[in-house]
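Have the viewer open and follow along.

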Amino acid sequence: MAITETATIDSHLIPVLEEVSDPEIPVLTVLDLGVIRKAVEENGVIKVRLTPTYSGCPAMDVISDDLKAAFKKLGKEVEVELVLSPAWSTDWISEEGLQKMEAYGIARPLSETADKDVLLGNAKKVTCTNCGSTNTHLVSQFGSTACKALFKCDNCQEPFDYFKCLK
Amino acid sequence: MKQNKNLYNYIIGIADNSLILAQRLGELCGHGPTLETDIAGTNISLDLIGQARNYYQYAAKVQNEGKTEDDLAFLRLENQYRNVLLVEQPNEHFGYVMGRQYLFDVFHLMFLSEMLQSKDETLAAIAKKGIKEVSYHKRFSGDWIKRLGDGTEESNHNIQEAIDELWAYTDELFDQTEADKAMIAEGIGVDTSKLKEKYYEEVSILLKEATIEVPERKYFIKGGKKGVHSEHMGYILTEMQYMQRTYPNMEW
């Protein structure tokens, strides 16, 4: 899994981290999203390193507060540090996370080149989360949050979000 | 000590560009000409605020006077802001909004691409994060320049008017303050003089493609980088600083 390859997380902290979700995409936990770069317990203090998806993502402040609250419930002291480097990439979203996202109605990010194609309206490659057709088109390069663009399916006519590729 | 002061001023200069442009875009929240452009404007604004926050947090640390990012963003006086005049120009009409955005985005992307090489790790990390966002901004504003320029007679007239006027503020992007020069010498700052030719070349190509005439100007208006702002700045700050001044130390 992509998460364990690049992040250091103590296994006994995982159940707590699984309770903290992204406030804007509540089906995704912070682990699914890959924003936890480090979570370790040192001398009774939990140290968490969190990385933002986008520079101005307002969810980061909420996630940071939620993490503190979740560990506080266990009576643990916690320090959350925001780190910018290495920069977050959509590759860090776990496969499980991608599946949950699709079930929630957000199409998964394509490869970097395919992403460019669809966001310039040059190709139809994004799969509709409602009917599975790729006969879809870009409605807006920017969507309801910084990480998404808005698409519409020309087959079933439903609008849906697309999670933009970030590398 | 002197070096810290230069670094602080250098960071503030970059941060203020992002913050003031974000504030200008934020004014359009709920007032965009279409839903898609409205959302785009606020999304871009949000990215810029996020970048500005990273810079201000770092500047506060470098300054080491116990100030926070909010103090720096909201509680300085007009002549302490170091943004270029371009970003404080008003949203006269959509042509101005996109013209200002594109003229800044091209510079911004070149600037961050160079800042990746900065010897300062924090600045390099902020650049790495921001570069992905800014290339997306440029794609959006560049598309609109083409669409407006090559659109109807009216849209062409409006974008030409905006570009003609805003052009006067482009030269300042490449001006260097004392702090800029000191940081360039340290290998921390970006040598903007090297970007100038490339900048005008890239912008001119797109303007021609959009059937917009490239302005030929002999003189340019500048001052923001030295803290001498246009009449607009006071109004921007009045609105932007209202909450912090009315409710000191308020937090979101």
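Go to B:G187, which comes after helix α8 of chain B and has a positive phi, near 80 degrees. Helices here are DSSP runs of H or I with at least four residues, strands are runs of E with at least two, and both are numbered from the N terminus. Before going on, keep in mind that this is a predicted model: local features need pLDDT of at least 70, side-chain atom pairs count only at pLDDT 80 or more, and totals for chains, interfaces and linings use all residues. Residues are numbered from 1 along each chain as its sequence is written, while chains are lettered from A and ligands numbered from 1 in the order in which they are written.

Now step back into α8(B), residues 178-185, where the buried residues are B:A179, B:D180 and B:M183. (Buried means 20 or more other C-beta atoms within 10 Å of the residue's own, exposed means 12 or fewer, and partly exposed is in between; C-beta atoms are placed from the backbone.) These residues span an arc of only 100 degrees around the axis, so they sit on the same side of α8(B); the arc is that of the directions from the helix axis to the C-beta atoms. On the face turned away from that buried side you'll find the exposed B:E178 and B:A185.

Zoom out to chain B as a whole: it has 10 helices and 0 strands. Its C-alpha atoms fill a box of roughly 55 × 40 × 30 Å along the principal axes. The radius of gyration is 18 Å, which agrees with the value near 18 Å for a compact globule of 252 residues; it is taken over C-alpha atoms, and the globule rule is 2.2 Å times the number of residues to the power 0.38. Of the 252 residues, 46% count as buried.

What about the inside? The largest nonpolar core has 119 residues, and B:I11, B:A15, B:A52, B:Y55, B:A59 and B:L86 have the most contacts inside it. (Such a core is a set of buried Ala, Val, Leu, Ile, Met, Phe, Trp, Tyr and Cys residues joined through C-beta atoms within 7 Å.) Helix α5 of chain B, residues 94-115, gives this core its largest share, 14 residues. Leaving aside neighbours within four places in sequence, B:I11 is in contact with B:Y55, B:Y58, B:A59 and B:V62, where contact means C-beta atoms, placed from the backbone, within 7 Å.

Finally, 14 residues of chain A are in contact with 18 residues of chain B.

Conventions
Contact = placed C-beta atoms within 7 Å.
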